[in-house]
Amino acid sequence: MLESVEGKAQKWAGKAQDAVGSLTGDAATQVEGKVRQAAGYAQESYGEALGTLRDKTAENPIWAVAIAAAAGYLLGTLSSRR
């Protein structure tokens, strides 16, 4: 949840920075604002996905353990092949 909130803050800060760059005619500040906005969107999406995963794991802990075991087995099998 914290990641989602931080992402929203970054997104809004980026929008403000973009607006300031637009008003002052500073292209570098505008670009930094747009990059910050994009990072904020990514962080917000990551936070929402993490929250969904946390909720689903709490609802079905046995499935979560089974999926983690299967993923571990698959990664172990793939990494042992040389």
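Reply: Start with glutamate 32. Keep in mind that the model is predicted.

Me: Where is glutamate 32 found?

Reply: In helix 2, which covers residues 27-59.

Me: How do I read the span of helix 2?

Reply: Compare the end-to-end distance with the expected span, which is 1.5 Å times one less than the number of residues. Helix 2 has 33 residues and reaches 48 Å from first C-alpha to last, close to the 48 Å expected.

Me: What caps the N-terminal end of helix 2?

Reply: Aspartate 26 does. One of its side-chain oxygens lies 3.3 Å from the backbone nitrogen of alanine 28.

Me: Which residues of helix 2 are buried?

Reply: Buried means under 20% relative accessible area. In helix 2, that holds for Thr29, Gly33, Gln37, Gly40, Glu44, Gly47 and Gly51.

Me: What do the buried residues of helix 2 pack against?

Reply: Helix 1. Look at serine 4, placed in that helix, residues 2-24.

Me: Is serine 4 buried or exposed?

Reply: Buried: its relative accessible area is 10%, and the cut-off is 20%.

Me: Which residues is serine 4 in contact with, leaving aside neighbours within four places in sequence?

Reply: Gln43, Glu44, Gly47 and Glu48. Glu44 and Gly47 are also among the buried residues of helix 2.

Notes:
Residues numbered from 1 in each chain as written. Predicted model: local features only at pLDDT ≥ 70, side-chain atom pairs only at ≥ 80, totals over all residues. Heavy atoms only, no water. Helix = DSSP H or I, 4+ residues; strand = E, 2+ residues; numbered from the N terminus. Buried < 20%, exposed > 50% of the residue type's maximum accessible area, 1.4 Å probe, protein only. Contact = heavy atoms within 4.5 Å. Polar contact = N/O pair within 3.5 Å; in protein donor to acceptor, adjacent residues only side chain to side chain.
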